[in-house]
Amino acid sequence: MIPDYFEFVSKVAVKSGHKVLEEIPEVLSSLKARKPLIITDSGVAGAGLLDLLLNALGRDYYSLPVQRETPPDSDLAAVSKNAEIYNREGCDSIIALGGGSVMDTAKGTNILVTEKAEDLRLFNGAGRLTKKLRPLIALPTTAGTGSEVTLVAVIADHRNKRKLLFTSPNLLPDAAILDSRMTLSLPPVLTASTGMDALTHAVEAYLCLGKNPLSDSLAFSAIKLISGNLLGVVKNPQDKAGRLAVAQAANLAGMAFSNSMVGMVHTLGHSVGGVCGVPHGTCMAILLPYGLEYNLHKIESPLADLLLPLAGEEEYLKTPRENRARKVITLIREMNERLFRETGGRHYRNLGEIKTREGGISIPREILPEIARTALGDGSVFYNPEELDFADALRVLEAAWEGKPLL
Amino acid sequence: MKREIIYSFCFSPKIICGLKALAGIPGELAGAGRKKPLIIYEDSPLGRENVRILSREIQDSESFRGLLLPLRQRTSGSREKLEEAEILHSKALESALSILKEEKADSLISLGSSALDFTKDCIRKGATPEEVPWVLVPDSPLRDDFSSCFLRGKGNLFPLVIVIDPLITKSIGKRELLISSLQNLTKGLFSLIFYRHLSPLLESHAWGTVKTALEILERYLSAPQVSDTRKKDKTTAVYLSVLGDLLEANSPPLTSFLEESMPSLSLSFTPLAFHLLPPLLSSGEVPEAEILLPLSILLGRDAWDIKRDGTGLSEFCGKAFNLFLEDLVQQYPEYTPDYTQLYTAGENLINYAESSGLTALEEALELLFQTPGGGRKI
């Protein structure tokens, strides 16, 4: 049955297809937007995706201002600089072309230009935005974060060494354009980790305490699409249909978790990322099976449901009911193992094997207690089905570091 | 250049569902920079009770300043009465538009499902939802047999928020709950069978609709002794009708066609379309893995057991829906299928499928209504 109380919002109009980018002039026109500021980063521009967008915009949107210098970790300085360009150029809307950082930077910029403010920190927190923001169109170039349909933005405040969270339905973009060409150039290792990020969003959305019937439906569909397509696009990055399916999955998972919250996989993953600088998708891929094992006694029934979208009807039918939940965990580990092989060992399976660019260990074992302590301050821990204290968090992290299952 | 869109999907209202949902209205309006709504409700005992409940629930909100517009109860029956209702409607509309302008009401609250059409007219004639955002507070499932489906027509009529609170939905009766659930179950299954390939969003919401509808129906059809409905089920039925509208708004007009073609028949859409489901599910034309297997799980039978029993999934699902029908007819004999009408509906559908190029639908329906010897069967 439906929960006693829930809220759901997803105001983003989603357009998805192999050549849907060409719809952008129509979308801008429907939003009465004449001069958008394009926010992207050098990697996306270098991959030729900006040119694709500019071509799609055509003559009616000739000579638009473009900001290519979004940092990998979106920050206050980038947002302020964008706002300055927006105002100087007389823009009336924003197109965000990129991954999570670009999306967050665009959302932050939108706050400043709408509120005619200079200090983004004034709007930090939940529900501080009461005005409808300027039109924002999101064009994701990765398939994982789901930022194009989430109502949050995370912006780094480097001076004070913290990350600022902004939450409001007003942060939702007006439209999200999922075009298969946008993710074709994503390298296999990034495809794998961002795809596992999307899978984690969907699985945790389905199992966490904030779940609701709408997020359940979206999560179920997202898992089915990821399971059916992720490995295929890692093997064959030019598989357009597979690319679009994974992008749609990330989009569905984004809508799901944006309305349900997530659980301890994110709790621990945020902390590993924050303390050691490990990419978010990598943390999610490694920690997901451990989080499920830790919660298993509380989530056995809903977890068993997920065998159907994850493995398909044959596997579901031949697995006795009492084994289905554990089978889900096994399959997720197998998926990581296969992604490890397909990426030549660059998709990591445990925390201990993650390497720095120089080849050193990214997460020294002795730093795990600090990660566990930091994790407990993360808001997502409240939505985890089982309580999590320092000793529990450390136990899970140690198991994930060694690559030894908890059960 | 030929445009190629795989799918486009939109559902902009926020949904707040559950106890104390009403208390969230001032906050939602404040989030849109509004604090002076015009509250439209039916001037009936139920409508006035709804106003009392709303007042109580939002009393702690200090900045909230609502204005009330009671609508005289709309009458139906004789032609004279209908004309009278029209006059009342247009006078009330003038009042509403005047209040919006002169009293500077900045938003609308449609309190109770009977105020919905009027609110939509206000928005059509007065201002766009962007200028005057509106909140929908349904007290019964959104109905399709007249124009209260809030999404029908233009997407620009989307409310800002849909608030479903058990305090407001408590007057729903068992019959209304059952029929609206059947209707939305049918919408969900038709969307799945014919349109699931259009978008994963449509498919996921269609499954959500079917799952929720089955939960309600299984309780109330298989247990006639349940004489009264639980508060939560009433809220769920209203939520379900919102899901049904969501499907309507994002799919081609198959279900709309069904409804539009039904006025020529004496039986309304719901039972008619629902009666088409058992033969459709057992026809062998509905994909087993994508629809019948998950459906059998939702029907409470483990597909593993069904396979072990040697029963086909299509046979199982067809039988399960037949049982639903038997239960329905037993409790509400007026829903006994009229086979002549079913046949007519089937023929209408075949013609529609043919003219729309829906070959799979056409083939499935031909199979349903045609015996190998060329004769028709129901």
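Me: Domain bounds come from an automatic or database domain assignment. With that settled, how many Å separate the centres of domain 1 and domain 2 of chain A?

Reply: First, a caveat: this is a predicted model, so local features need pLDDT of at least 70 and side-chain atom pairs count only at pLDDT 80 or more, while totals for chains, interfaces and linings use all residues. Residues are numbered from 1 along each chain as its sequence is written, with chains lettered from A and ligands numbered from 1 in the order in which they are written. Chain A splits into domain 1 (13–182) and domain 2 (188–402). Taken over C-alpha atoms, their centres are separated by 27 Å.

Me: How many residues does domain 2 of chain A put into its contact with domain 1?

Reply: Two residues are in contact if their C-beta atoms, placed from the backbone, lie within 7 Å. On that count, domain 1 of chain A supplies 17 residues, and domain 2 supplies 19 residues.

Me: Which elements give two or more residues to the domain 1 side of that contact?

Reply: Elements here are DSSP runs numbered from the N terminus: helices are H or I with at least four residues, strands are E with at least two. On the side of domain 1 of chain A that touches domain 2, the ones giving two or more residues are β2 and β10 (175–179) of chain A.

Me: Is β10(A) mostly covered or uncovered, and how many of its residues are buried?

Reply: Buried means 20 or more other C-beta atoms within 10 Å of a residue's own, against 12 or fewer for exposed and partly exposed in between, again with C-beta atoms placed from the backbone. In a regular strand the side chains alternate between the two faces of the sheet. Here A175(A), I177(A) and D179(A) lie on one side of β10(A), A176(A) and L178(A) on the other, and both faces are covered. So β10(A) is mostly covered, with the buried count at 5 of 5.

Me: Which residue of β10(A) stands opposite A13(A)?

Reply: Two strands pair if DSSP finds at least two bridges between them. β2(A) runs parallel to β10(A) over 5 bridges, and β7 (136–140) of chain A runs parallel to β10(A) over 2 bridges. I137(A) has A175(A) opposite it. For A13(A), the residue opposite is A175(A).

Me: What angle does α5(A) make with β8(A) in the sheet it packs on?

Reply: That sheet is open and mixed, with 3 strands in the order β6-β9-β8 of chain A. β8(A) and β9 (162–167) of chain A run antiparallel over 6 bridges, with A153(A) opposite F166(A). Helix α5 (100–115) of chain A touches β8 and β9, and its direction makes an angle with that of β8(A) of about 90°.

Me: Why does the length of α14(A) agree with what a helix should span?

Reply: The expected span is 1.5 Å times one less than the number of residues. α14 (390–402) of chain A has 13 residues, so the end C-alpha atoms agree with expectation at 18 Å.

Me: Which elements of chain A are included in what covers the buried residues of α14(A)?

Reply: The buried residues of α14(A) are A393(A), V396(A), L397(A), A399(A), A400(A) and W401(A). The elements covering them include α9 (264–276), α10 (280–305) and α13 (368–375) of chain A.

Me: Which element gives the most to the side of chain A that touches chain B?

Reply: The contact draws 40 residues from chain A and 41 residues from chain B. Elements giving two or more on the chain A side are β1 (5–8), β2 (13–17), α7 (213–235), α8 (240–260) and α11 (307–318). With 8 residues, the one that gives the most is α7(A).

Me: How much of chain B counts as buried?

Reply: Chain B has 14 helices and 7 strands. Of its 378 residues, the share that counts as buried is 48%.

Note on methods
Axes fitted to C-alpha atoms, helices over the stretch in contact; angles between N-to-C directions.
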